[in-house]
Amino acid sequence: MKAIAYVSPISSCTGSGEVCCADQRRRIEEYARQQGIEIIAWFEDEARECSLMDRTGLRAALRFEGPWSSFLVDRCGCLSRSMAALRPLLALLDLRGAKLVAATELWDVVSQKVRSHYRRTPSGVGHGREVTVPADAPVSVFAEPLPQVVLPAAALPARHSTGV
């Protein structure tokens with residue numbers, strides 16, 4: 001299996017520091033070695049000052065033409081702690097037939113939701129309600145507009161009734 005890999009600094013939610021790109025790279029390399037994955041290109045963003053889909057390194061990774069089927073990260077937190085921010089990326093990877101793979105298995109909400117994104121019904125169809133990502137949402141990533149993407153309802157947070 002061939003993959004591209006991406007790193008970006010991850011700040012701790014507790015304020016106890018940062019997971020640097022060098023540490024992430026080391027964990028990704030170890031994971032790839034253990035899983036027999038060949039990393040054919042590396043991409044990096046040094047800061048997280050802009051929105052996820054506007055990051056230069058991520059945009060370069062998504063434009064990479066090589067034969068890859070996995071997008072490796074150390075953990076989903078290097079991309080975002082928000083599923084709303086990750087949905088367009090997951091949709092683009094789905095269009096390519098690629099999968100987001102985290103080298104470090106964490107149990108935070110976003111990591112679990114990303115894993116569940118890949119657990120679909122046998123037919124590959126979502127569970128009921130669908131969400132449409134506008135075709136112009138990720139245009140900043142590509143030179144030409146993408147087709148409209150429909151995400152499975154399983155990717156959505158459950159709605160809760162307050163009983164009021």
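Visitor: Is the crossing of α3 and α4 left-handed or right-handed?

Guide: Happy to start there, keeping in mind that this is a predicted model. The axes of α3 and helix α4 (residues 109-117) come within 11 Å of each other. As for the hand of the α3 and α4 crossing, it is right-handed.

Visitor: At roughly what angle do the axes of α3 and α4 cross, and which residues of α4 does α3 meet?

Guide: The axes cross at roughly 25°. Angles under 35 degrees count as roughly parallel, so α3 is roughly parallel to α4. From α3, the residues Met83, Leu86, Leu90 and Asp94 take part, and on the α4 side they meet Val110, Lys113, Val114 and His117.

Visitor: Which strands make a β-α-β unit with α3?

Guide: Let's begin with the strands themselves: β5 (residues 70-73) and β6 (residues 99-102) run parallel and are joined by 4 bridges. Together with helix α3 (residues 83-96) they make a right-handed unit, and the strands in question are β5 and β6.

Visitor: Which element of the chain has the lowest mean pLDDT?

Guide: For the chain, the mean pLDDT is 78, with 70% of residues at 70 or more. Strand β4 (residues 38-44) has the highest mean among the elements, 98, while the lowest, 41, belongs to strand β7 (residues 131-133).

How values were computed. Residues numbered from 1 in each chain as written. Predicted model: local features only at pLDDT ≥ 70, side-chain atom pairs only at ≥ 80, totals over all residues. Heavy atoms only, no water. Pairing = 2+ DSSP bridges. Helix = DSSP H or I, 4+ residues; strand = E, 2+ residues; numbered from the N terminus. Right-handed = clockwise from strand over helix to strand, strands pointing away. pLDDT = per-residue confidence, 0-100. Axes fitted to C-alpha atoms, helices over the stretch in contact; angles between N-to-C directions. Parallel < 35°, antiparallel > 145°, perpendicular 65-115°, else oblique. Left-handed = near helix turned anticlockwise from the far one by under 90°. Contact = heavy atoms within 4.5 Å.
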